[in-house]
Amino acid sequence: MQQPIQLAEQIYWIGVNDRETHLFENIWPLENGVSYNSYLICDEKVALIDTVKITKMDEYIQKIKQLIGEGKTVDYLIINHMEPDHAGAIQVVVDHFPNVKLVGNTKTFEFVKGFFGITENLYVVKDGDTLNLGKHTLQFFMTPMVHWPETMMTYEQKNKILFSGDAFGSFGTLDGGIFDDEVNLDFYVEEMRRYYSNIVGKYSLMVQRALQKLEGLDIKMIAATHGPIWRTDLGRVLGYYQDWSQYKADEGVVIIYGSMYGNTAKMADTIARGLAEEGVKNIRVYDASKTHISHIINAVWRFKGVVFGSCAYNAGIFPPMEAVLLKMEQIGLKNRTLGIFGSYSWSGGGVKAIQQFADKIKWDVVAEAVEAKCTPTEEDLQKCRIIAKEMAAKIKF
Ligand code: FEO
């Protein structure tokens, strides 16, 4: 169990690491685990900011009691977000500290009633409201849909700490270091983009609104509900969120294909080689049957160029690629450049489905789509090289 760690005078991180769960939200792989960050302010009034996943309660309650002292109570539980990875333990907190007041907005309390049937000891706050704890004053900012309708952020005025909920959070456990200057950020930035693109990205417009709302605030530390706490290079993390929520991308191309017998895969490799010959250095090739869609979404969010390929399957698109296209439509990623290829044996369907997808999502399509019959001919492969050439010309900065 990781001990509480001080953020500022009277303010502590009391989060937990989850290295056991395989899938976040029972969908997204947690190869590197995840942390659930909760915070405790031990002022004249004691305030908890968010809780942790219910499976970690023993460790969590132990940390709270260690800091406030046996027999003492928690006065307020600030609920920035009601998704159960942060709110699942509300009932347990209430059971341990029966006089605790739950602090949230009107939408928060619809969920509190729905999940727990709790309708008493509620303290309703609106945008800009403050709550004084003694030396520390908390101010609340409504940031709906980052990630649920009730989400809000809490700003601690004395030390200028923003408790930001899911925003700026990342997958990956906190293995010793918890601050941005204590860890290798390359690892967390990759996991942060994956968290953003998988969980929050669909609501990018609302992320933009939240960022605008926070613009005038003097922030010295960002303490999210997952991943490292930023206290040194805040411009970096705010910059990522600006870019990702505006669909800005790195120079590079991700090729994702579905292939049953290797013919579509051969075309994918030809396109990849063509891109390299054109000077593109960031090239990723993924087989949709093997690579989890979580990582595919992350790569597509990262790179400007996207090339989708599929074999035909029962006169339609190959199911793993169908899942990729459906997910892309759902999350509504914008401003990408698309190339299309595929193959078939006795009936087409894969390429046509990708073309229909392109019409709907309105990405910029390069070159003519190529669809090989059985094994791709030299002519087909030459068309693949044309996709690569035109793609490189479009995406190179
Ligand atoms: Fe980390 Fe939307 O919950």
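How much accessible surface does the protein have, and what percentage of that surface belongs to carbon and sulfur atoms? In this predicted model, the accessible surface comes to about 16200 Å², and 48% of that area belongs to carbon and sulfur atoms.

**Overall form**

The protein contains 12 helices and 23 strands, and its C-alpha trace spans about 80 × 40 × 35 Å along the principal axes. A compact globule of 397 residues would have a radius of gyration near 21 Å, and the 24 Å of the protein agrees with that expectation.

**Two domains**

The domain assignment divides the protein into domain 1, which covers residues 5-245, and domain 2, which covers residues 253-395. The contact between them takes 14 residues from domain 1 and 11 residues from domain 2, and the C-alpha centres of domain 1 and domain 2 lie 38 Å apart.

Lys-63 belongs to helix α1, which runs over residues 57-68. Because its relative accessibility is 0%, and the cut-off for a buried residue is under 20%, Lys-63 counts as buried. Leaving aside residues up to four places away in sequence, Lys-63 touches Met-1, Gln-2, Pro-4, Trp-13, Ile-14, Gly-15 and Val-16.

The other two residues are picked out by their backbone angles. Most residues other than glycine have a negative phi. Asn-26, however, is not a glycine and has a positive phi of about 60°, and Cys-374, likewise a residue other than glycine, has a positive phi near 60°. Asn-26 is placed in the loop between β4 (23-24) and β5 (28-29), whereas Cys-374 is found in the loop between β23 (370-373) and α12 (378-395). With a relative accessible area of 64%, Asn-26 is exposed, while Cys-374, at 35% relative accessibility, counts as partly exposed.

| Residue | Relative accessibility | Class |
|---|---|---|
| Lys-63 | 0% | buried |
| Asn-26 | 64% | exposed |
| Cys-374 | 35% | partly exposed |

Technical notes: Residues are numbered from 1 along each chain as its sequence is written. This is a predicted model: local features need pLDDT of at least 70, side-chain atom pairs count only at pLDDT 80 or more; totals for chains, interfaces and linings use all residues. Side-chain values use heavy atoms; hydrogens and water are left out. Helices (H or I, at least four residues) and strands (E, at least two) are DSSP runs, numbered from the N terminus. The radius of gyration is taken over C-alpha atoms; the globule rule is 2.2 Å times the number of residues to the power 0.38. Accessible areas come from the Shrake-Rupley method with a 1.4 Å probe; for residues, only the protein chains shown count as cover. Domain bounds come from an automatic or database domain assignment. Contact means heavy atoms within 4.5 Å. Buried means under 20% relative accessible area, exposed over 50%, partly exposed in between (1.4 Å probe, protein chains only).
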